[in-house]
Amino acid sequence: MKTIRFARLALVVLLILVFAWTIPHYYWKAFDVSIRAPRVSYSPVTDQFFLLKPENKAVRYMDLTGKEYTREEYERLLPLANYRQLAATGQMPDSLRGVKLDLKEIALNNLFVRIMPADIGMPQIPLFPMIESKSGRVKLEMPDAFFRITDRMEFIDAATNTVNEDQTRLFTDTLAGRGFRFPAKQIAGNPTTRKAFDEGYFVVDAADKVFHIKMVRGKPFCRLTGIPATPRILQMFIAETSLREYYGFIIAEDNSVSLISYDAYRLIRLPLERYDHRTCALFFGGDLFFRTLTVQGDGWLETIVTDRAYAVKARYSESWPTRVEATAGHVASALFPFAIHLEDADSPFVNLYASAGSVHALWVLLVSVIVLLVSIRLRRRKIRGHVADIVLVAVSGIFGLLAVHMIPPPEE
């Protein structure tokens, strides 16, 4: 009998976990509220913020006073972002802010980078292509060998899976001669040929020093950047742009975000006060005149506009009710004492994630226990024979109440 009771109890616990995933999942399938953040832009024509707000199947274009514009009017107020459309329709201005406009210069200066929480700490396959940066060819070409940096910088031929000892020795000796300490803690690059040029990799060695490593005409290029080790670097994002203003971005453990400039690897700290790498998305944009930084969290965003020297020119912030704050969210937090999810908004990986309900869920737990006690009495059972069921229902609410009735206890 004890074995039967234990097996039944295990099945009830398993069923509770299944219900904690499936019931909230299908609840949100039925009652989810789609909340789309506005797109914030800064006009170089009027020096004002403008909003693009998706609403149902329509889109509203407006300024901060609430005045609405047509799509064409909105595009003319943001000519650098919409230059292709304006040029095609003959509406592109000849000059702006005293500067004669050239379409090639506009394209060169238009920048956009997006960094999501899931991008930080993403596991890497520890094999990287070392693209030749000065091949003399018009297009970059993917190499035949891939490298890794363990106790040496080792090049492995992809076709034969053998180590290229000559290239390995050449790069290893060069790194060691520059003071590199093996192994590497972090390797950051942009390993694609879909770019105008290649800047190789920025590598953090075992002593937390940052080196710039690339291949130039078959020879190793290795330079100690002087980038400080503190605050500790969480992630580097390298993004070659033809403007050559920066190599990429550094996200540090204190949530600071810095650009690695072409000016002797000088760090340019971005004026972000609310950014949290664990929960916030970061959008970086640029044009001929300004740099636009947008930090978006759960239910809020802040946009900072700077000049080309990254001095703050204007700020805009907005908040809106989150899914949890909507009516469906209040009901869910009271109805479900906890929920299990296989996905998380801040992670790209399928896993088991848990979230807790609100304090109002205590009332649902109490009602669930009362319903169970009434059910036990109606079946003329003894309370002491259902202590385990009562405890499970007291901590899991409707999940446990459904489970203990789907798998009833053996007859006393």
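Which element supplies the largest share of the lining of the largest pocket? The largest share, five residues, comes from α1.

This is a predicted model, in which local features need pLDDT of at least 70 and side-chain atom pairs count only at pLDDT 80 or more, whereas totals for chains, interfaces and linings use all residues. Residues are numbered from 1 along each chain as its sequence is written, and side-chain values use heavy atoms, with hydrogens and water left out.

**View 1. The largest pocket and the elements around it.** The largest pocket has a volume of about 1400 Å³. A pocket is an open set of points on a 1 Å grid over the protein atoms alone, with protein on both sides within 12 Å along at least five of seven lines, and its lining residues have an atom within 4 Å of a point. Grid points are joined across faces, edges and corners, and the volume is the space filled by probe spheres set on them. The lining of the largest pocket comprises 43 residues, and those nearest the centre are D298, R323, V324, D344 and A345. At least two lining residues are supplied by each of α1 (2–31), β20 (291–297), α6 (327–335), β23 (338–341) and β24 (353–356); helices (H or I, at least four residues) and strands (E, at least two) are DSSP runs, numbered from the N terminus. By class, 24 of the lining residues are nonpolar, twelve polar and seven charged. Here Ala, Val, Leu, Ile, Met, Phe, Trp, Tyr, Cys and Pro count as nonpolar, Asp, Glu, Lys and Arg as charged, and the others, Gly among them, as polar.

**View 2. The second largest pocket.** About 920 Å³ of space lies in the second largest pocket. Of the 31 residues that line this pocket, R39, V40, S41, A81 and F112 lie nearest its centre. Two or more lining residues come from each of β1 (39–42), β2 (49–55), α2 (71–77), β7 (111–115), β19 (281–286), β20 and β21 (300–306). Strand β1 gives the largest share, four residues. The lining of the second largest pocket divides into 17 nonpolar, nine polar and five charged residues.

View 3. One cavity of 30 Å³ or more is counted, a cavity being a set of grid points where a 1.4 Å probe fits but cannot get out. About 30 Å³ of space lies in the largest cavity. Its lining consists of R8, L372, R379, H386, D389, V404, H405 and P409. By class, three of these residues are nonpolar, two polar and three charged.

**View 4. A nonpolar surface patch that includes W363.** The patch is formed by W363, L366, I370, V374 and L378, which together have about 560 Å² of accessible area. Patch residues have over 30% relative accessible area and no salt bridge, with nonpolar side chains (Val, Leu, Ile, Met, Phe, Trp, Tyr) joined within 5 Å. Accessible areas come from the Shrake-Rupley method with a 1.4 Å probe, and for residues only the protein chains shown count as cover. W363 belongs to helix α7 (residues 361–378). With 61% relative accessibility, W363 is classed as exposed (buried means under 20% relative accessible area, exposed over 50%, partly exposed in between).

View 5. P117 is found in the loop between β7 and β8 (128–129), and P117 is buried at 9% relative accessibility. Although P117 and C280 are 163 residues apart in sequence, their C-alpha atoms are 6.2 Å apart in space.

View 6. The structure holds 22 salt bridges, each a side-chain nitrogen of Lys or Arg within 4 Å of a carboxyl oxygen of Asp or Glu. One of them joins E75 and R71 at 3.3 Å, N to O. Both residues, E75 and R71, lie in helix α2, four residues apart, about one turn of the helix, and E75 is buried, with a relative accessible area of 10%. Another salt bridge links D166 and R169, whose closest N and O atoms are 3.5 Å apart. D166 and R169 are three residues apart in helix α5 (residues 165–177), so about one helical turn separates them. D166 is exposed at 59% relative accessibility, whereas R169 is partly exposed at 46%.

View 7. The side chains of D208 and K185 form a salt bridge of 3.0 Å, N to O. D208 lies in the loop between β12 (201–204) and β13 (210–216) and K185 in the loop between α5 and β11 (186–189), so the pair ties together parts 23 residues apart in sequence. D208 is partly exposed at 31% relative accessibility, while K185 is exposed at 54% relative accessible area. R148, R152, E154 and E165 are linked in a salt-bridge network.

Methods: Patches are made of residues with over 30% relative accessible area and no salt bridge: like charges are joined within 9 Å, nonpolar side chains (Val, Leu, Ile, Met, Phe, Trp, Tyr) within 5 Å. Buried means under 20% relative accessible area, exposed over 50%, partly exposed in between (1.4 Å probe, protein chains only).
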